[in-house]
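Here is a short report on strand pairing and charged contacts. Please keep the sequence and the structure in view while reading.

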Amino acid sequence: MTKPGDLDRLITIVRAGEQTGTNAFGEPIYGPAVEKTISAGRKDVSDGEKFAAGQVGSHIMTRFVVRYSSFTAGITPVDALRHEGRAYNITGIKETADGRRRFLEITAVADLDTGAT
C-alpha cells in the first residue's frame, strides 16, 4: 500500500510541445517542451549488462510511483523522465493496486554507460 509519505523523491517529466502549425514544407512546428517536476517514490527493480560487438553496456530498471492527476494520467513512453541527473526511457505506466485513480506506477530504464546527463 502506497502512502503519500513514500513519495520522497522528485522526478521531472518532459513532454514535447504541442504542434502549433506547419512550415512551408508541410513539416510540423512545435511549441516549447513542457517540464513538470512531481513527487515520486522510487524502487530499483533490476540491473544488467549486455555484451554486444565487443562492448559492455549496463542499464537499470526503476519503478517510480506518483499520485494520479490529469497530468500524470497523460504520461506516455514518448515523454522523457529525469531523476537525480539521469535520463530514463519510460517503458510502461499503470495504476497501482491501491485503488482506482490514486497512484500510478511508471517503469523506466536508464542507460548507465552514459553517466549522469
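The text below takes the strands, then the salt bridges.

The model is predicted. Strand S6 (residues 80–83) and strand S7 (residues 86–95) run antiparallel and are joined by four bridges. Histidine 83 has arginine 86 in S7 as its bridge partner. Two residues lie between S6 and S7, which form a hairpin. In that turn, glutamate 84 has a positive phi of about 50 degrees.

S7 also pairs with strand S8 (residues 103–111), in the antiparallel sense, over six bridges. Here asparagine 89 stands opposite valine 109 in S8.

Now the charges. The whole structure holds eight salt bridges. Three of them are listed here, among the eight.

| Pair | N to O distance |
|---|---|
| Arginine 9 – aspartate 8 | 3.8 Å |
| Glutamate 84 – arginine 42 | 3.3 Å |
| Lysine 94 – glutamate 105 | 3.5 Å |

Lysine 94 sits in strand S7 and glutamate 105 in strand S8, 11 residues apart. Is glutamate 105 buried or exposed? Glutamate 105 is buried, at 17% relative accessible area.

Asp8, Arg9, Arg42, Asp44 and Glu84 belong to one network, joined by salt bridges that share partners. Aspartate 8 is exposed at 57% relative accessibility, whereas arginine 9 is partly exposed at 28%.

The salt bridge of glutamate 84 and arginine 42 links distant parts of the chain: the loop between S6 and S7, and strand S4 (residues 34–52). Glutamate 84 is exposed, with 59% relative accessible area. Arginine 42 is partly exposed at 25%.

Notes. Residues are numbered from 1 along each chain as its sequence is written. This is a predicted model: local features need pLDDT of at least 70, side-chain atom pairs count only at pLDDT 80 or more; totals for chains, interfaces and linings use all residues. Side-chain values use heavy atoms; hydrogens and water are left out. Two strands pair if DSSP finds at least two bridges between them. A salt bridge is a side-chain nitrogen of Lys or Arg within 4 Å of a carboxyl oxygen of Asp or Glu. Buried means under 20% relative accessible area, exposed over 50%, partly exposed in between (1.4 Å probe, protein chains only).
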